[in-house]
Amino acid sequence: MTRRRKGATGELTLIERARRTQLIEVTIELVADRGYAGASLAAIAERAGITKAAVLYHFPTKAAVVRAAHEHALAALVADVAAAVEAADPANRPAAYVRSMVGHLREHPRHTRMIIEAMVHENDDHDPAARWRPLAQLIDAARLTCGASGDIDTRTTAIIVGGGIDAIVAEQLHDPDYDTATAAEHLVDMLDTTISR
């Protein structure tokens, strides 16, 4: 466990918060540029212009700093998607989810790579429902608002849409000229057809 001096309230000092933020941003850059293996503590320290011991003052291990970077990238994604979804009326929230998810990942390719690398290298058990359930709930609410009467499996629909988002983002990482905005609109059109059944 690292030892930290705390401010009078027990919180990290302003300088400590700034340094942690810098280390998180540097880690995101390194993971995006070199992959998980290329983001060693020594590389993080070098890019931040500090010693490896200084990195260890803030994060006890490479896994800890990578986890913090992953959480930072995910928090930014969740905040953008949540804001877009909340701004939309219930019938349009699934579309807002798709557009904002693809848009955020397009606008933040380093965050995208950070999220992917962390998911591949983390050993944590994750609950797949944490990914599909929010979209399934948005689909259910949109169907209710639209008065849709057909029976659909919203879980499977949300899983398929999530896979579509992943494929669009992966294609854009492979081909930076790929038009993800148009691809997202195709996905939205398919989703709208399903919702209105």
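Met 119 is exposed, with a relative accessible area of 56%. That value is over the 50% cut-off, so Met 119 counts as exposed. The residue sits in helix H6. The model described here is predicted. It holds 9 helices and 0 strands.

- Met 119 belongs to helix H6, which spans residues 109-121.
- Arg 67 lies 52 residues from Met 119 in sequence. In space, the C-alpha atoms of Met 119 and Arg 67 are 9.9 Å apart.

**Overall layout**
- Read along the sequence, the pattern is α-α-α-α-α-α-α-α-α.
- The C-alpha atoms fill a box of roughly 60 × 40 × 30 Å along the principal axes.
- The protein has 197 residues, and buried residues make up 40% of them.

**The largest nonpolar core**
- This core contains 53 residues.
- Leu 23, Tyr 97, Val 98, Met 114 and Ile 165 touch the most other members.
- Eight elements are listed as each supplying at least two residues: H1 (14-34), H2 (41-48), H4 (62-87), H5, H6 (109-121), H7, H8 (154-174) and H9 (180-195).
- H4 gives the largest share of the core, 9 residues.

**Helix H5 against helix H7**
- H5 covers residues 93-107 and H7 covers residues 129-146.
- Their axes come within 8 Å and cross at roughly 145°.
- On the H5 side, Arg 93, Pro 94 and Tyr 97 make the contact. On the H7 side, the contact residues are Arg 131, Leu 135, Leu 138, Ile 139 and Ala 142.
- By class, the contact has 6 nonpolar, no polar and 2 charged residues.

**Tyr 97 and Leu 138**
- Beyond residues up to four places away in sequence, Tyr 97 touches Val 81, Val 85, Arg 131, Leu 135, Leu 138 and Ile 165.
- Leu 138 is found in helix H7.
- Leu 138 has a relative accessible area of 16%, under the 20% cut-off, so Leu 138 counts as buried.
- Leaving out residues up to four places away in sequence, Leu 138 touches Val 85, Arg 93, Pro 94 and Tyr 97.
- Val 85 is therefore a contact of Leu 138 and also of Tyr 97, while Leu 138 itself is buried.
- Ala 158 is 20 residues from Leu 138 in sequence. The C-alpha to C-alpha distance between Leu 138 and Ala 158 is 9.3 Å.

**His 104**
- His 104 is found in helix H5.
- The relative accessible area of His 104 is 4%, so this residue counts as buried.
- Apart from neighbours within four places in sequence, His 104 is in contact with Ala 76, Leu 77, Asp 80 and His 111.

**Rings and charges**
- A pair of aromatic rings is described by the distance of the centres and the angle of the planes.
- The count of aromatic pairs comes to 0 by the rule applied here.
- Lys 62 lies over the face of Tyr 36, at 4.0 Å from the ring centre.
- Arg 133 places its charged end over the ring of Trp 132, 5.3 Å from the centre of that ring.

Notes: Residues are numbered from 1 along each chain as its sequence is written. This is a predicted model: local features need pLDDT of at least 70, side-chain atom pairs count only at pLDDT 80 or more; totals for chains, interfaces and linings use all residues. Side-chain values use heavy atoms; hydrogens and water are left out. Axes are lines fitted to C-alpha atoms, for helices over the stretch in contact, and angles run from 0 to 180 degrees between N-to-C directions. Helices (H or I, at least four residues) and strands (E, at least two) are DSSP runs, numbered from the N terminus. Contact means heavy atoms within 4.5 Å. Ala, Val, Leu, Ile, Met, Phe, Trp, Tyr, Cys and Pro count as nonpolar, Asp, Glu, Lys and Arg as charged, and the others, Gly among them, as polar. Rings of Phe, Tyr and Trp (its six-membered ring) pair if their centres lie within 6.5 Å; planes under 30 degrees apart count as stacked, over 60 as edge-to-face and the rest as tilted. A charge sits over a ring if NZ of Lys or CZ of Arg is within 6 Å of the ring centre and within 35 degrees of the ring normal. Buried means under 20% relative accessible area, exposed over 50%, partly exposed in between (1.4 Å probe, protein chains only). A nonpolar core is a set of buried Ala, Val, Leu, Ile, Met, Phe, Trp, Tyr and Cys residues joined through side-chain atoms within 4.5 Å.
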